[in-house]
Amino acid sequence: MTEKSDVLKLLKHAALVVVLVVILISAIFIATPPDDKHLYQASLLKSNLLRTVPSPRIIIVGGSNVAFGIDSELMEQELGIPVINDGLHVALGIAPLNEIKHDLRAGDIVIISLEYYNFTDEASFYGQPQYLADWVEFSPERIWYLHDPYKQMPSIFTMMLERKVNRQLNYYLNGFSYESGRNFYSGDLFSEHGDFIGHLDENGNKQFEIADSVYPINLIENAYVFLEDFNQYALSKGATVYYEAQAHRQTNCERTGKKSLDRFFNRLKTKTTIPLLTNLDQLCLPDDYFYDTPYHLNQQGRRVRTERLIDSLKIALGLE
């Protein structure tokens, strides 16, 4: 009898510990909201646009090359179709594409413009956990847009908890301020269409040294399987998918080599049925069209790229 009583006491204590841990974790999540100017704060704007902008509309998705490099307002004026810039950050991989699937409707046009980094390995393609944790923190139901949500859920929410605790400790112990490290990469510097505009106007005169690095051309098979599956799903919904090449800086293009770049796009053409919008003869843009990386276009570069994309879409859609 005593032994049974001891077991019951142990179970009660264990249950109490579990309840206290749950309360503590819940308190941390409630008391520590996301950084309201984090770059991913803009993902809430983009999600709202996906839900509320009526179809047909043009949805452009990719990493920061899309966020920085598209003038959605100009596209909308020229094409007469609502435009949503769903680009945000390369490290999110194709998780935002899974979110788009949830709101895809007949007549929609999806333009995918991933970056070469996404194709270097599976973690880069499906999204890097520490960045996905920040993305999910702003909208926890996004856990279902990850590649393997049941497997990833424990680690993603553990990372979220750890990062929240670290934020609070840094604030109370060190007086840490996000403003000092954020610079112009702020979640409140996006237009109503979802374009990042923090590098325009007064910030447009800043000078950055850009590395003349090689674009990492690496072809992982799963990427093409996913893209073709997405294309077929879109077609089943009455939507159309196109692929647009990322922004290419001339010097980085030359360092990478035409043969490597051609191999990437030829593989895309043979492994998927997604039409390519980009004219590969005009792939590379002058170095002075770029802002702070070989992916981010400045004001002049983003206008040139947008005008080319408009022309390509007019041809693809039979508008001229």
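This is a predicted model: local features need pLDDT of at least 70, side-chain atom pairs count only at pLDDT 80 or more; totals for chains, interfaces and linings use all residues.
Local features require pLDDT of at least 70 and side-chain atom pairs 80 or more, while totals for chains, interfaces and linings use all residues. Numbering runs from 1 along each chain as its sequence is written, and side-chain values use heavy atoms, without hydrogens or water.

**Overall fold**

The protein chain has 13 helices and 6 strands. These are DSSP runs, numbered from the N terminus: helices are H or I with at least four residues, strands are E with at least two. Of the 320 residues, 49% are buried. Buried means under 20% relative accessible area, exposed means over 50%, and partly exposed lies in between (1.4 Å probe, protein chains only). Take contacts between residues at least 6 apart in sequence: 81% of them join residues at least 24 apart. Contact means heavy atoms within 4.5 Å.

| Helix pair | Angle | Axis separation |
|---|---|---|
| H10 (residues 221-236) and H12 (residues 258-271) | about 50 degrees | 10 Å |
| H4 (residues 72-79) and H13 (residues 299-316) | about 30 degrees | 10 Å |

Axes are lines fitted to C-alpha atoms over the stretch in contact, and angles run from 0 to 180 degrees between N-to-C directions. Angles under 35 degrees count as roughly parallel, over 145 as roughly antiparallel, 65 to 115 as roughly perpendicular, and the rest as oblique.

H10 and H12 are therefore oblique to each other. H10 passes H12 in a right-handed crossing. A crossing is right-handed if the near helix is turned clockwise from the far one by less than a right angle, left-handed if anticlockwise. H10 contributes Glu221, Tyr224, Leu227 and Glu228 to the contact; H12 contributes Phe264, Arg267, Leu268 and Lys271. That contact has 4 nonpolar, no polar and 4 charged residues. Here Ala, Val, Leu, Ile, Met, Phe, Trp, Tyr, Cys and Pro are nonpolar, Asp, Glu, Lys and Arg are charged, and the others, Gly among them, are polar.

H4 and H13 are therefore roughly parallel to each other. H4 also makes a right-handed crossing with H13. From H4 come Leu74, Met75, Glu78 and Leu79; from H13 come Arg303, Thr306, Glu307, Leu309, Ile310, Leu313 and Lys314.

**Aromatic pairs**

Rings of Phe, Tyr and Trp (its six-membered ring) pair if their centres lie within 6.5 Å; planes under 30 degrees apart are stacked, over 60 edge-to-face, and the rest tilted. The count is 16 aromatic pairs. Phe125 and Tyr126 have ring centres 5.3 Å apart and planes at 80 degrees, so this pair is edge-to-face. Both residues are buried. Trp144 and Tyr150 are edge-to-face too, with centres 5.4 Å apart and planes at 65 degrees. Trp144 is partly exposed at 46% relative accessible area. Tyr150 is exposed at 66%. One aromatic cluster includes Phe125, Tyr126, Tyr224 and Phe264.

Helix H5 (residues 95-102) is mostly covered, with 6 of its 8 residues buried. They are Ala95, Pro96, Leu97, Asn98, Glu99 and Ile100. Their packing partners include helix H2 (42-52), strand E1 (58-62), strand E3 (109-113) and H10.

Asp195 sits in the loop between helix H9 (178-182) and H10. Asp195 is buried, at 2% relative accessibility. Beyond neighbours within four places in sequence, Asp195 contacts residues including Asp71, Glu73, Asn85 and Arg302. Asp195 and Lys46 are 149 residues apart in sequence and 9.5 Å apart in space, C-alpha to C-alpha.
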